[in-house]
Amino acid sequence: MSGQLTQSVVKRIIRQVGLECAAQGQSLSETLVAFMVKAVVLDPRNDFNMDRMLTENDMQDLIQLCVTRLLDTTNPSLSTIKMQVYFDMNYANRDELLSEQERVLEGKLAPVVRAITESGPRVQEEMENVCQNIVTYVLLRSGLGSPTDIEAVREVTAALQSVFPQTEMITFISLSKKDKEQQLKDLAMIVTGIRLYNKQCQKGGSSIDDLPGILNEAIPSATRTLDERLNSCQLLAHRYTALLESMQEEPQRFSRLKLFKLKEALFNVRQYEAFLSILQSNAITSAQEVESLDVQFEAAMMVLKNTVQDKTSVESREVFPLFMELSKLWTGFQDEMLLLNFLTNMADNLQQFLEIQSQLFPEEMLTSLLEGVTVKSDVERIKETMGTRVNVSDFSNQEWLFPETTDNFDQLLIQYHGFCAHSIGVKGITLPGNPAIGILKHKEKYYVFSSKETAYIFAQDPEKFIQLNVEKAKKYAELIQLLELHHQFEYFVPHAQARKASKGSMKPPPKCETGTQTDTHILPPTIVTSYEWNEWELRRKAIKLANLRRKLTHGMQTDLSHMRRENFTQVYLPKDVGTQTKRDNSSNVPKPRVFLKGLRGGSSPTTHMVTVDLTRPLDET
């Protein structure tokens, strides 16, 4: 089946599934539907073969299966897939989030910047309008107050007049557009630094929030909340793992658990744990950044106070850089506040995908099922195997890595998100791997194991168990992202245009409305006085310049100037000059040979003349 036909068929299926779900009251995103179509097709139990042409019946069966799974709100697998799609669509790292915020801010400031840089005020009223626009720009750029806040406007106006009086407006107007924009940014930073300094001196800035204090309280609180949620979901994962192990050891005792989707619930909790760990790592990074910013801000404020020291006037070249440094540090606090709000919202929104756990397995039910079952945490499982390791001499064709013999051991990219490579495909359980046992390097990939025995079994035939893990991921599509198996399924993407290649997720291509505007008269007008339009004047100048080449510089020296200075002369060195003359060419044509016979007459009184043409034809020449 051709790729173009496949894509059109898949788009049709996705559209039809979305319509049927919407008809039953479930409005789902196209990305989620596309992911579910992929999951259903990958599942070997559904017996879909994409190597052949799909019939109409096949497409209808596929649509019904997708609709059934998308409407089954009691299935933890659906919650896990929704969680993965939500995280891929909404999560952004620090750099991406801050660059997006900067882009949004620039878009918000664009009309104000255009009104300032493109205006050419000539009367006093127009000058005042430009000043008001600059005040608005400074407020919006700094984020310290609103243009509708009278007190904030007064503070910015006073600070702006102290560094940018109206007498400098004429100079500002004469600048190019690029220079105007740069000066606006500098003015905004200087005014922001002045306001922060006045707030520190209790001379204003009442509308400015104490961001360092707010962050020092909010970040520990957010970190504690993440820790509590992480511990809670890890406890659930440990309990589910213990129950699944008990089911395999004593199938008769736990026969009723087969009716529950315990594996899907375990994968749901493990995915939630992975996402919370990412958010927790970002929160820790934010805490470190805020701590560093606090120290730098206090030091910069102390230097500024020592520089000013109640002086009536201070040179601008001394204090302006200090004000700008304060503004940069404060922007760092604002960025951390934005990041903290983003992390908090992400953590709160992820909670909804874990609600199904309490519905399927209430606390009373779990407690009764766990009677007589030993629940081990991931840390305890790793501690139990800390004293064992693989004997390298038992393997002749396998490469094993250990902490004491491998550089950057902790930075190795472990497969399957650090879970045991054997237990996933064989038991269907995500057990934590212990790198201290030994890391198997197979085809430039690294695998860890939960015990020495499983490591030996896996190492005997790695390809077999790798394929088992792939088959397990086909049955449980949520494992593709949980175990980071995107490279295994890269060839089979149902909605390729909706994927983001860097993450392997299924995001639709970003779209936005853009506009461009060409500035008129970007540079000030210039007149080239040396320009000549008259051809004869240009010739006269050329002759004059050529005549100079024949002039010689003469130097002479007298007794009075002897040994006082060096003299030089300059000449033009001979050079090789060549000219090219025209070329003569000719073509060879036959020479006309015509003879006339009988012109002299004869014995007959009548003259009979005969013309004989002996010229050779052209093709014989």
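Helix 12 gives the most, with 3 residues. By type, the lining of this cavity divides into 5 nonpolar, 3 polar and 1 charged. Here Ala, Val, Leu, Ile, Met, Phe, Trp, Tyr, Cys and Pro count as nonpolar, Asp, Glu, Lys and Arg as charged, and the others, Gly among them, as polar.

Before going on, a word on the source. This is a predicted model, in which local features need pLDDT of at least 70 and side-chain atom pairs count only at pLDDT 80 or more, while totals for chains, interfaces and linings use all residues. Residues are numbered from 1 along each chain as its sequence is written, and side-chain values use heavy atoms, with hydrogens and water left out.

What is a cavity here? On a 1 Å grid over the protein atoms alone, it is a set of points where a 1.4 Å probe fits but cannot get out; a pocket is an open set with protein on both sides within 12 Å along at least five of seven lines, and lining residues have an atom within 4 Å of a point. Grid points are joined across faces, edges and corners, and a volume is the space filled by probe spheres set on the points. By this rule there are 2 cavities of 30 Å³ or more. The second largest cavity holds about 50 Å³ of space.

Now the largest pocket. How much space lies in the largest pocket? It comes to about 700 Å³. Its lining has 26 residues, and Leu105, Arg141, Ser142, Thr331 and Gln334 lie nearest its centre. Helix 5 (94–117), helix 6 (124–142), helix 9 (177–200) and helix 12 (316–350) are the elements that give two or more residues to this lining. Helix 12 gives the most here, with 9 residues. The lining of the pocket divides into 11 nonpolar, 9 polar and 6 charged residues. Domain 2 (119–201) and domain 3 (211–370) each supply at least three residues to the lining; the domain bounds come from an automatic or database domain assignment.

Next, the chain as a whole. Its secondary structure comes to 20 helices and 5 strands. Helices (H or I, at least four residues) and strands (E, at least two) are DSSP runs, numbered from the N terminus. The chain has 621 residues, and 39% of them count as buried. Buried means under 20% relative accessible area, exposed over 50%, and partly exposed in between, with a 1.4 Å probe and protein chains only. Take contacts between residues at least 6 apart in sequence: 72% of them join residues at least 24 apart. Contact means heavy atoms within 4.5 Å.

Ser316 is found in helix 12 and counts as partly exposed because its relative accessibility is 38%. The C-alpha atoms of Ser316 and Val163 are separated by 8.3 Å, although these residues are 153 apart along the chain. Glu289 lies in helix 11 and, at 35% relative accessibility, is also partly exposed. Leaving aside neighbours within four places in sequence, Glu289 is in contact with Arg94 and Glu336. Ser162 lies in helix 7 (residues 150–163) and is exposed, with a relative accessible area of 54%.

I end with two backbone angles. Most residues other than glycine have a negative phi. Tyr416 has a positive phi, near 60°, and its place is in the loop between strand 1 and helix 16 (423–427). Lys443, not a glycine, has a positive phi of about 55° and sits in the loop between strand 2 and strand 3. Which of these counts as buried, and which as exposed? Tyr416 is buried, at 3% relative accessibility, whereas Lys443 is exposed, at 61%.
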